[in-house]
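Please read it alongside the coordinates.

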Amino acid sequence: MKVCVVGTGYVGLVAGTCFAEYGNDVICIDKDEKKISDLKTGIIPIYEPGLSELVERNYKEGRLKFSTSLKDGVESSEFVFIAVGTPTSNNGSADLRFVFAVAEEVGKTMNGHKIIVDKSTVPVGTADKVKEIVAKNTKHSFDVVSNPEFLKEGAAIEDFMRPERVVIGAESDHAAKKMSELYSPFVLNGNPIITMSIRSAELTKYACNAFLATKISFVNEIANLCDALGANYDDVRKGMGTDSRIGRQFLYAGIGYGGSCFPKDVRALLRTAEEVNAPMHIIQSVEDVNEKQKTRLTDKIFQHFKATDMKGKTFGIWGLSFKPGTDDMREAPSIPLIYELHKNGAKIQVFDPAAMETSKYYFDGKVEYKEDAYSTLEGADAMLLLTEWREFREPDFAKIKSLLKAPLIFDGRNQYKPTLMQELGFTYYSIGNR
């Protein structure tokens with residue numbers, strides 16, 4: 001099938017590449033000339049395991065093309081996926097300017113019937129507006145479909161290639177049938193393609209992310225209570241996770257969620273609920289708890305040193321990205337923590353396996369970048385673990401101890417066992433464990 005994907009950000013590039021990998025003819029469109037030029041030479045704008053190899057192979061074999069011409073993409077394709085950014089606006093709602101601008105241009109350049117697919121995460125009712133905009137700019141027939149993405153950064157290729165489900169919101173049987181045909185090779189394992197109304201599909205994406213965010217904020221509050229009561233959250237987590245009604249996933253306590261999805265989608269859902277006078281008190285609490293949780297480790301640091309500032313203190317930080325497997329720094333818990341330490345006079349030495357370059361937008365001039373994890377600890381008063389990269393799971397603790405001024409670790413992701421840390425002579429702080 002012939003597919004046009006507008007937007008070569010995270011969702012667009014992954015979707016376009018995976019469609020090409022399954023034999024479709026795909027053209028990815030972006031107005032950023034440098035990005036398109038880079039993609040043609042194998043330079044990938046995002047860090048995602050396995051993506052670079054797939055892009056290179058499919059581009060060389062001619063199934064994947066890159067262009068700045070939306071007209072060429074639309075005219076040559078049956079499906080037009082809109083996968084542009086929907087950042088949070090000042091009032092918390094999703095900013096849909098880019099989506100609507102693409103819809104207008106698609107309408108102007110259509111040369112026949114097209115299936116226009118909202119792949120970007122958009123509020124309920126967006127497809128209706130896209131349909132209205134396209135209709136004003138074309139005389140051709142078309143369908144508008146909602147097809148939300150459910151990709152985890154760091155595992156996006158696997159998620160797209162073997163989805164747990166594909167959600168399709170469509171008004172016409174023709175559009176639903178064609179979308180099902182496009183996705184059928186991806187669900188040969190029997191996982192469902194779920195067809196529903198467009199508004200239901202739009203809401204499904206927000207409902208999923210809001211529920212997962214709720215689990216994270218809930219367990220973080222339980223972990224904080226463990227700190228206050230002297231309980232061990234790791235034990236509580238195991239007790240909870242064995243209940244089939246709860247499950248084991250998303251029960252790991254830490255310093256809050258970040259990234260491009262959960263924060264933005266939770267706020268957009270709250271804004272949507274406010275607009276229709278259906279307040280969501282639980283989801284508002286999820287947002288409030290998460291923002292507070294990002295300061296949890298900072299509070300422990302100040303309490304340990306019994307100081308109102310950090311002048312003369314040096315901290316070695318492991319991990320900057322909001323989660324392992326990505327260079328994404330959006331809403332990362334490392335940002336408020338580093339800002340607070342820097343504001344209070346601390347010297348900060350950092351390392352991240354993937355996000356060093358990305359983080360310069362946030363931290364340039366505030367931190368000293370190191371070539372590896374251990375060098376961040378040279379002369380440091382404490383080690384701070386903020387992202388649970390695999391290479392941080394089983395470090396050389398003897399080496400860590402020899403590099404630090406004192407054997408002190410603040411673990412924002414509960415990676416190490418408190419009993420082991422005690423045996424090794426470390427003063428160890430985590431989230432809810434002891």
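1. Ile335 is found in helix H14 (residues 334-343); helices (H or I, at least four residues) and strands (E, at least two) are DSSP runs, numbered from the N terminus. Ile335 is buried, with a relative accessible area of 11%, where buried means under 20% relative accessible area, exposed over 50% and partly exposed in between (1.4 Å probe, protein chains only). Leaving aside neighbours within four places in sequence, Ile335 is in contact (heavy atoms within 4.5 Å) with Met329, Tyr362 and Phe363. The C-alpha atoms of Ile335 and Phe363 are separated by 8.0 Å, the two residues being 28 residues apart along the chain.

2. On provenance, this is a predicted model, in which local features need pLDDT of at least 70 and side-chain atom pairs count only at pLDDT 80 or more, whereas totals for chains, interfaces and linings use all residues. Residues are numbered from 1 along each chain as its sequence is written, and side-chain values use heavy atoms, with hydrogens and water left out.

3. In helix H6 (residues 126-136), the buried residues are Thr126, Ala127, Val130 and Val134. These residues lie on the same side of H6 because they cover an arc of only 95° around the axis, the arc being that of the directions from the helix axis to the C-beta atoms. The partners against which the buried residues of H6 pack are helix H5 (97-109), strand E5 (114-118), strand E6 (142-146) and helix H9 (198-229).

4. Helix H1 (residues 10-21) packs with helix H3 (residues 51-60) at an angle of about 55°, their axes 10 Å apart. Axes are lines fitted to C-alpha atoms, for helices over the stretch in contact, and angles run from 0 to 180 degrees between N-to-C directions. H1 is therefore oblique to H3; angles under 35 degrees count as roughly parallel, over 145 as roughly antiparallel, 65 to 115 as roughly perpendicular and the rest as oblique. In this contact, Leu13, Val14, Thr17, Ala20 and Glu21 of H1 meet Leu51, Leu54, Val55, Arg57 and Asn58 of H3.

5. Phe250, in the loop between helix H10 (233-241) and helix H11 (262-275), has a positive phi near 60° and is partly exposed at 27% relative accessibility. Lys306, in the loop between helix H13 (296-305) and strand E9 (314-318), has a positive phi near 50° and is exposed at 75% relative accessibility. Most residues other than glycine have a negative phi.
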